[in-house]
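Here is a briefing on one structure. Please look over the sequence and the model before reading on.

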Amino acid sequence: MKFTLSWLKDHLDTDASLETIEKTLSSIGLEVEGIEDPSNALGVFTIARIVEAKQHPDADRLQVCQVEIKPGEPTVEVVCGAPNAKPGLVGVFGPIGSYIPGTGITLEKRPVRGIDSNGMMLSERELELSEDHDGIIELDTALADCVGQKYIDVAGLNDPVIEIAITPNRPDCTGVRGVARDLAAAGVGTLKPEPTLKHTVEGDFDCPVDIQLEFSSQAADACPVFAGRYVRGVQNKPAPSWMQQRLKAAGLRPISSLVDMTNYVSLDRGRPLHVYDADKLQGHIRARLGKAGEKFEALDNKTYVSGDEMCVIADDSGPLGFGGIIGGESTSCTPETTNVLIECAYFDPSRTATTGRKAGVITDARYRFERGVDPDFVVPGLDLGTEWVLELCGGTASKAKIAGAAPSGGTVISFDYGKVQRLTGVDIPASEGKRILEAIGCEVTDNGPQWKVTTPPWRPDVHGAADLVEEVIRIYGLDNVPAVPMKRSHGVTRAVLTDGQRRARRARRTLAGRGLVEAVTWSFIPQEQAEHFGGGAEQLKLANPISVELSTMRPGLLAGLLVAAQRNRNRGFDDVALFELGQAYLDDTPKGQMQLASGVRVGRSQLTGSGRDWRGDAVTADAFDVKADAAALLSALGLDVAKVQVTRDAPAWFHPGRSGVIRLGPKMVLAHFGEVHPATLKLLDIDGPTTAFEIFLHALPPEKRKGRARAALDVSDLLPVRRDFAFVVDKETDAGAIVRAATGADKALISGVNVFDVFEGKALGEDKKSIAIEVTLQPSTKTLTDAEIDKVSEKVIAAVQKATGATIRG
Amino acid sequence: MEAEALTTIETELAGEIAGCDTLASLDDVRVRALGKKGRISGLMQQLGSMAPDERKAFGQAVNALKTQISGKLDTRRGELTAKELANRLATERADITLPVRLGPLSEGRIHPVSQVFDEISEIFADMGFAIAEGPDIETDDYNFERLNIPSDHPARQEHDTFYLSGSLPSDDVGDGMRKVLRTHTSPVQIRTMLNQKPPIRVIAPGRVYRSDSDQTHTPMFHQIEGLVIDEVTHLGHLKWCLEEFCKAFFEVDEVKMRFRASHFPFTEPSMEVDVDAAAIGKPGQWLEILGSGMVHPKVIANCGLDPEKYQGFAFGVGLDRLTMLKYGIPDLRDMFSADLRWMKHYGFLPMDMPTLARGMSS
């Protein structure tokens with residue numbers, strides 16, 4: 001909300017500086033969003049009088065003026081191009097060095113066609129007061145007495161505009177008086193008494209327009225009271241300039257007295273009013289619920305359709321406007337209006353908000369009613385409105401017509417004042433607490449440990465003890481609350497991370513340590529992609545997505561990562577290695593939220609580096625590179641990768657022949673890895689070979705931590721013995737089967753089996769391959785004899801043959 | 001044999017040794033001198049035909065000669081070995097200006113938001129806060145109702161909150177059962193209070209979602225919630241906690257803060273907190289960093305705790321915003337763009353694990 005400093009001072013008696021007011025407003029919860037102080041831009045310009053104006057010797061259109069800028073001092077010479085410059089003119093003078101806001105120029109002393117100009121006489125456009133540039137400002141010649149004074153002071157423009165943000169709980173501060181009350185409570189001046197009315201507003205004839213409330217008992221709270229008064233014989237002239245100036249400062253366009261005064265009361269008191277042209281009303285006026293499909297043309301010249309839960313104001317012809325939101329065009333006031341009906345009603349905050357939202361109308365009235373206007377200010381508001389109509393437009397007022405009764409405002413709260421200290425830690429004297437509560441409008445009875453606090457009707461947000469604590473500390477000043485150290489429960493900080501959190505932390509740094517770059521991609525992806533990656537269930541679709549690209553909760557992280565990788569490729573980065581650690585969704589329950597660590601390697605992005613290199617170019621990443629990522633991460637997270645199984649049943653978004661699943665037992669899937677399926681690449685519009693892995697962190701078995709001490713180191717001083725074997729097997733045979741068989745051939749002696757060669761060639765036969773392994777024998781008690789080694793070798797061969805049907809390669 | 005003859009042999013051999021340029025020629029000299037048929041070995045063979053007294057003196061002289069020649073041979077061998085190594089090394093020259101690859105520890109990056117989360121975890125852990133978590137898909141009961149946000153509150157409208165399919169306010173679902181994407185991390189307050197007896201000290205980081213997208217808003221972003229519930233914690237503790245956090249996080253000895261009264265449905269009193277931008281080297285302006293307050297008694301009661309007994313504070317911070325402020329990142333939207341150039345520039349090395357002892361940033 002915007003208002004000017006002088007307007008505030010209508011209600012607040014203060015000589016506090018603007019800075020103090022600004023600081024206090026922000027501190028007490030009325031955050032200042034901006035202050036426009038005209039004196040910043042215009043304070044340098046003064047009243048001046050042209051004493052003499054002569055034709056410039058070298059320029060037809062210029063005059064050389066002698067200008068009095070300080071009373072009694074010698075004039076200065078100013079060159080002026082304005083046609084209206086003439087002796088005796090009282091205008092506005094800009095000295096050398098002043099910045100002219102309308103032209104963006106800083107005045108310098110320099111000759112104009114050979115004659116020095118010691119400043120400038122200014123037009124309204126140059127001061128950004130209007131578009132008028134026909135000539136320089138011509139003030140009343142009586143202002144010649146004011147030569148030398150600041151123009152903004154003389155013209156009444158020296159009125160800073162303050163803009164504050166109002167939190168939704170504060171209807172009282174939607175009017176300047178409420179702001180003044182809060183400032184006074186906080187010690188910035190005193191609240192002036194309620195102004196008395198100058199006119200006798202209560203007339204002696206009955207209101208000729210009947211007012212009725214037509215609600216069922218369930219909807220009666222929509223508009224519990226509707227007060228009106230008829231004013232005969234008004235003249236709807238333009239509002240006085242001071243009122244127009246204030247409305248303009250508040251961001252409103254002045255229209256006519258009848259419209260402007262409702263806006264003024266709304267801004268001044270947070271009290272919206274409405275004025276109908278009574279001659280345009282048909283029959284009696286009523287508040288009721290709308291009937292589905294009813295239409296009316298509103299003051300914004302838009303046609304609105306009413307719903308049957310909306311509160312409308314209607315006459316015999318149908319709805320005229322939405323109650324508490326916007327009036328109707330058909331009964332609006334015009335300059336010709338002579339008889340009016342003033343409405344001052346109370347509309348339910350919640351229904352007003354809903355109606356406004358559904359109809360899509362935002363108005364100053366709605367802004368106030370949906371926060372909750374002061375229910376006790378219905379009749380006083382009507383009187384105030386009548387006062388302004390009589391003041392600005394003349395006429396004769398009727399008696400008030402009041403349908404219904406206002407809901408009761410204010411609550412009685414039993415308040416243990418000790419709560420202030422308990423909740424804030426500050427010992428604010430009870431007398432000060434009481435003063436604050438009274439200053440914001442509460443009535444306080446403090447004879448006893450439990451105070452009885454009656455809240456003011458303009459504060460519907462205050463209804464419990466905690467609210468009162470808030471009021472006290474808000475006005476006392478949060479900056480005055482001393483910081484108090486929290487108690488430490490341990491001298492040295494204890495570890496706090498859960499197993500899952502430890503894992504996430506380690507996973508993130510392990511993957512980054514493998515050269516992958518961490519991305520954060522959207523949790524929602526296009527439905528089509530979600531379906532492709534095994535998701536897209538109805539319950540995971542957003543009902544109101546921001547776009548189809550962000551429409552469905554993701555079943556995994558790969559779609560986002562793959563698309564991100566391609567975006568980078570499109571920017572010229574051929575080799576991309578990304579990972580993300582984050583959530584994906586099986587269903588809409590908390591348990592259905594998975595935690596994944598997934599990564600992609602695109603192009604030649606290898607662990608050791610990517611792209612070309614003088615020591616040998618990186619090769620295109622393949623299934624084994626991402627298998628290494630997955631295995632390394634699982635290992636870093638405490639899993640013995642020698643014990644996991646690798647199966648071939650990766651999901652459909654992977655290449656069927658070049659992908660795998662890492663699992664512990666048949667049911668526990670820990671990871672997928674492999675080349676991405678060409679159909680997936682096509683769907684995501686990705687070029688080039690792409691590999692990916694996804695690790696299900698949430699599926700990992702709990703960490704086993706058996707004390708801190710490591711098991712004793714068991715090493716032998718005897719040298720290990722290594723023997724190589726080459727087996728020829730069917731192409732379909734898994735190397736893993738050979739390794740497993742060899743490892744199990746003599747568990748006591750065999751300490752390791754490593755595949756060091758895989759070979760396919762015509763010599764072996766079309767459907768054969770050779771796999772060479774190195775078997776390490778680790779004797780523990782004595783050096784092995786040749787005979788013993790031969791015996792183990794035979795066992796290895798036999799075991800592998802039995803498991804895979806291999807033959808030993810000669 | 002005369003002593004004079006031995007001297008001649010010594011002189012001749014010494015000359016030959018000194019004249020050797022290669023280890024091979026030196027070995028030839030050794031064979032000619034000390035080999036089986038060498039000159040000094042020949043002298044030894046003469047001993048057998050000598051008279052015993054003569055034999056003793058001659059033997060000693062020949063042995064002395066042998067020792068001396070062996071010594072000279074060793075010395076020369078050492079010199080020649082060193083020379084040959086030097087010659088070889090002189091030819092073994094690599095172009096050490098060729099570039100090398102830095103390896104994966106230099107290539108990988110941690111996203112700034114992850115890094116800052118680790119920093120914040122360190123700081124709050126030291127103040128005794130554990131880390132709580134909650135799901136992204138919440139019910140309107142936890143996300144709104146129990147946080148004292150009534151059903152007609154603007155925040156619950158479709159233009160602010162993402163609803164899951166079939167859960168819109170206009171759909172026929174009971175209030176409290178609607179599925180929403182959490183709009184803040186505050187529902188973790190509810191989950192924590194429902195599942196844990198006070199005293200409670202937790203922070204809860206995570207993704208949150210709002211139907212908003214422009215230059216400074218993204219439909220998904222990160223928050224960190226803080227919650228303390230016990231029987232004594234008050235507003236003064238909240239101020240201390242936030243001041244300590246800001247000093248540790250921005251890594252400055254002093255930080256000027258401003259606490260402004262505000263309004264949130266789930267706290268009372270509520271306050272917004274500004275930090276003097278001097279903390280990030282830009283003095284003279286206030287930066288709004290978080291909203292906070294004492295947990296509303298209704299919220300405490302909504303979690304089955306007695307608000308007459310238990311009290312405490314809560315705060316919510318935009319994690320992305322803190323990250324941007326601290327590390328000078330200009331545009332929120334880049335956080336989620338997965339642009340390699342951005343991540344390499346603003347990201348952190350995997351070994352840069354923030355700890356209290358080493359400091360937050362590197």
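The notes below cover cavities, a pocket, salt bridges, a sheet and domains.

This is a predicted model, in which local features need pLDDT of at least 70 and side-chain atom pairs count only at pLDDT 80 or more, while totals for chains, interfaces and linings use all residues. Residues are numbered from 1 along each chain as its sequence is written, chains are lettered from A and ligands numbered from 1 in the order in which they are written, and side-chain values use heavy atoms, with hydrogens and water left out.

The structure holds two cavities of 30 Å³ or more. Over all chains, 76 salt bridges are found. Chain B is divided into two domains, 3-91 and 110-346.

**Cavities**

- A cavity is a set of points on a 1 Å grid over the protein atoms alone where a 1.4 Å probe fits but cannot get out; lining residues have an atom within 4 Å of a point.
- Grid points are joined across faces, edges and corners, and a volume is the space filled by probe spheres set on the points.
- The largest cavity has about 70 Å³ of space.
- Its lining draws on chain A with Ile28(A), Gly29(A), Leu30(A), Thr167(A), Asn169(A), Arg170(A), Glu470(A) and Arg474(A), and on chain B with Ala261(B), Ser262(B) and His263(B).
- Helix 13 (465-476) of chain A and strand 6 (257-264) of chain B each supply at least two residues of that lining; strand 6 of chain B gives the most, with three.
- Helices (H or I, at least four residues) and strands (E, at least two) are DSSP runs, numbered from the N terminus.
- By class, the lining of the largest cavity has three nonpolar, five polar and three charged residues.
- Here Ala, Val, Leu, Ile, Met, Phe, Trp, Tyr, Cys and Pro count as nonpolar, Asp, Glu, Lys and Arg as charged, and the others, Gly among them, as polar.
- The second largest cavity has about 40 Å³ of space.
- Residues lining the second largest cavity include Ala222(A), Cys311(A), Phe347(A), Asp348(A) and Arg351(A).
- Helix 8 (residues 349-359) of chain A gives the most to this second lining, with three residues.
- Four nonpolar, three polar and two charged residues make up the lining of the second largest cavity.

**Second largest pocket**

- A pocket is an open set of grid points with protein on both sides within 12 Å along at least five of seven lines.
- The second largest pocket has about 1500 Å³ of space.
- It is lined by 39 residues, and the closest to its centre are Lys627(A), Val646(A), Asp734(A), Ala735(A) and Gly736(A).
- Helix 19 of chain A gives the most to the lining of this pocket, with six residues.
- The pocket lining has 17 nonpolar, 10 polar and 12 charged residues.

**Salt bridges**

- A salt bridge is a side-chain nitrogen of Lys or Arg within 4 Å of a carboxyl oxygen of Asp or Glu.
- Arg229(A) and Glu202(A) form one, with the closest N and O atoms 2.5 Å apart.
- Arg229(A) lies in strand 16 (residues 225-232) of chain A and Glu202(A) in the loop between strand 14 (190-191) and strand 15 (211-214) of chain A, so the pair ties together parts 27 residues apart in sequence.
- Arg229(A) is buried at 0% relative accessibility, whereas Glu202(A) is partly exposed at 44%.
- Buried means under 20% relative accessible area, exposed over 50%, and partly exposed in between (1.4 Å probe, protein chains only).
- Asp588(A) and Lys179(B) meet in a salt bridge at 3.9 Å, N to O.
- This pair crosses between chains, from the loop between strand 31 (576-585) and strand 32 (593-602) of chain A to strand 3 (residues 179-181) of chain B.
- Both Asp588(A) and Lys179(B) are buried.
- A network of salt bridges links Arg170(A), Asp172(A), Asp182(A), Arg459(A), Asp461(A), Glu471(A) and Arg474(A).

**Sheet in chain A**

- Five strands form an open sheet in the order 6-5-4-7-12, with antiparallel pairing.
- Two strands pair if DSSP finds at least two bridges between them.
- Strand 6 (76-80) and strand 12 (120-121) of chain A stand at the edges with a single partner strand each, so one side of each is left without a neighbour in the sheet.
- Strand 7 (residues 90-94) and strand 12 of chain A run antiparallel and are joined by two bridges.
- Gly94(A) stands opposite Met120(A) in strand 12 of chain A.

**Domains of chain B**

- Domain bounds come from an automatic or database domain assignment.
- The C-alpha centres of domain 1 and domain 2 of chain B lie 91 Å apart.
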